Amino acid sequence: MSKLKVAVLISGRGSNMGSLARACMDPDFPAEIVLVLSNRPNVLGLELAREHDLPIRVVDHTAYPDREAHEEAICAAMTEAGAELVCMAGYMRIVGQTLLGKWRGKVVNIHPSLLPSFRGVDTHERAIDAGVRVHGCTVHYVSPELDAGPIIAQAVVPLHPNDDAETLSTRVLDMEHKLYPHAVRLIAEKMVRWSGDEAVEDRKVTIDDVLMLPEIKTAEDQA
Ligand code: GRF
């Protein structure tokens, strides 16, 4: 079986990269990581990648005059590694036209909310403040608009009455670690793809095994 070659872009802790690396250890998993690329040196995620014996590159954005030059360097490293899919995993840079022009339809991201709710940062605080009963995470294709590309897979996490941003983020992160390998499998097995145009083609996504709704008790149940 030929495996889908994946580059993972990180900027920090790298726990989602770690979950993908663990999934790839299963001989039946249809993808392999050919590159872990960080825009920051000395981050925890790079240590984790080393523990998994993964190829590492640091392409430090501060060493480049502008976003375009930085993204050219990233594209060159990913091409050299033979990457076919780009997984952003806590990559804290906005992706511009240089990268998306070459890789659009082949870049995915994991976001800690049920998109289209709570795009951007501080998603857990904002979910608690909004009083939603369920929160979660999303893997989506990356388009020029932030956190707005077509959704590939989502998983739901309940809010508990005493949740703060930290307890909620821990519960969501645990779910992210299940969702991202699931989404990469869907792409590798060609269950989902995106041409890069606005319309999603051949979207045959199954999410039954990751969609976890909280148990909702009715008055009848409690009687
Ligand atoms: C995750 O919550 C991810 O959804 C968001 O950034 C965080 C990265 O965590 N985009 P890690 O670096 O994968 O541990």
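This is a predicted model: local features need pLDDT of at least 70, side-chain atom pairs count only at pLDDT 80 or more; totals for chains, interfaces and linings use all residues.
The volume is the space filled by probe spheres set on the points, which are joined across faces, edges and corners. Local features need pLDDT of at least 70 and side-chain atom pairs count only at pLDDT 80 or more, whereas totals for chains, interfaces and linings use all residues. Residues are numbered from 1 along each chain as its sequence is written, and side-chain values use heavy atoms, with hydrogens and water left out.

The lining of the largest pocket comprises 36 residues, each with an atom within 4 Å of a point, and those nearest the centre are Gly 90, Tyr 91, Met 92, Ile 110 and Pro 112. At least two lining residues come from each of helix 1 (15-24), strand 5 (107-111), helix 5 (123-130) and helix 6 (165-188), with helix 6 contributing the most, at four residues; helices (H or I, at least four residues) and strands (E, at least two) are DSSP runs numbered from the N terminus.

The second largest pocket has a volume of about 360 Å³ and is lined by 18 residues, of which Leu 4, Lys 106, Ile 187, Ala 188 and Lys 190 lie closest to its centre. Because domain 1 (1-103) and domain 2 (110-214) both give residues to its lining, the second largest pocket lies between them, the domain bounds coming from an automatic or database domain assignment.

Conventions
On a 1 Å grid over the protein atoms alone, a cavity is a set of points where a 1.4 Å probe fits but cannot get out, and a pocket is an open set with protein on both sides within 12 Å along at least five of seven lines; lining residues have an atom within 4 Å of a point.
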